[in-house]
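Please go through the structure below with a viewer open. The paragraphs after it take up side-chain pairs and the elements that carry them.

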Amino acid sequence: MPPRVLIVEDEPTIASAMADAMAEADCDVTLAASARVALTRLANESHHLPVLDLNLPDRSGWDVLYVARRDRPALLVLVVTARETLPDRLRGLREGADDYLVKPFVLAELVARAQALLRRQRVMPQAQLACADLSLDVMSRQAWRGLRTLDLTAREFDLLHLLMRHAGRTVSRDMIAREVWRQPLRATPLDNVIDVHVAHLRRKLEAGPDSRLLHTVRGLGLLLSEREP
């Protein structure tokens, strides 16, 4: 599976050149021309590496960096920007960028820096999790029910990953709020959001004749198991 790269850049000519260069390096490239689109894609799609411009038309790229780092702490981020001062570079690294490339740049250097970050991901242990006929690959962020690939959003994958790490044990809503939504305190609106994501995940897990794996334990939380609680 090729690495998935999200290029967040509002200048069409630059975005196109970056996308072509990354595609030639065998990456699966997605584009976002605004912070809003970037945040939507990061929340609903799985990416290995965002390449992030800080000067965006609707919101600051700092906001995108903050949300990406908050929601997926292990995600690597390459910042590409015209902000070249030392304070800007230091701020970028302090606030979560894993590398910082100043415009104008040579496309070959962009590719080399992106590939270096992607290699850092590949050297991590490739965790494979399984429960009954459900399997999950942490590195590729893919999941399967038997031979069927599950089309999961980024949040659904993170929720399933948490449940599979604790397969056979009840996972509380407090744990889900803390580890998936990065919210230390639960509130009713967040409970409603969790319920929606659980319902969507359950439908994808149990499509067609597939047996039930995801159970609600009343008053306690969720249980991923091939046995009824």
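The model is predicted, with local features needing pLDDT of at least 70 and side-chain atom pairs counted only at pLDDT 80 or more, while totals for chains, interfaces and linings use all residues. Residues are numbered from 1 along each chain as its sequence is written, and side-chain values use heavy atoms, with hydrogens and water left out.

A ring does take part in another kind of arrangement: Arg91 lies over the face of Trp62, 4.0 Å from the ring centre. The criterion is NZ of Lys or CZ of Arg within 6 Å of the ring centre and within 35 degrees of the ring normal. Trp62 is also in contact with Asp88 (heavy atoms within 4.5 Å). Asp88 belongs to helix H4, residues 86–94; helices are DSSP runs of H or I with at least four residues, strands are runs of E with at least two, and both are numbered from the N terminus.

Trp62 is one of the buried residues of H3, buried meaning under 20% relative accessible area, exposed over 50% and partly exposed in between, with a 1.4 Å probe and protein chains only. Eight of the 11 residues of H3 are buried; among them are Gly61, Val64, Leu65 and Asp71. The cover over the buried residues of H3 includes helix H2 (35–44), S3, H4 and H6.

Next come the strands. S1 (residues 4–8) and S2 (residues 28–32) are paired in the parallel sense over five bridges; for pairing, DSSP must find at least two bridges between two strands. Ile7 has Leu31 in S2 as its bridge partner. Between S1 and S2 the chain passes through helix H1 (residues 12–24), and this β-α-β crossover is right-handed: with the strands pointing away from the viewer, the path from the first strand over the helix to the second runs clockwise.

How many salt bridges does the structure hold? There are 14, each being a side-chain nitrogen of Lys or Arg within 4 Å of a carboxyl oxygen of Asp or Glu. Side chains of opposite charge can pair when their charged atoms come close. One of these salt bridges joins Arg4 and Asp28, with the closest N and O atoms 3.7 Å apart. This pair links distant parts of the chain, Arg4 in S1 and Asp28 in S2, 24 residues apart. Arg4 is buried at 19% relative accessibility, whereas Asp28 is partly exposed at 34%.

Lys103 and Asp53 form another salt bridge, the closest N and O atoms being 3.5 Å apart. Lys103 lies in the loop between strand S5 (99–102) and helix H5 (107–122), and Asp53 in the loop between strand S3 (49–52) and helix H3 (61–71), so the pair ties together parts 50 residues apart in sequence. Lys103 is buried at 16% relative accessible area, and Asp53 is buried at 4%.

In the salt bridge of Lys204 with Glu156, the closest N and O atoms are 2.7 Å apart. Lys204 sits in helix H8 (residues 188–205) and Glu156 in helix H6 (residues 154–165), 48 residues apart. Lys204 is partly exposed at 25%, while Glu156 is buried at 3%. Elsewhere, salt bridges with shared partners join Glu9, Asp53 and Lys103 into one network.

Notes:
Lists of a residue's contacts leave out its neighbours within four places in sequence.
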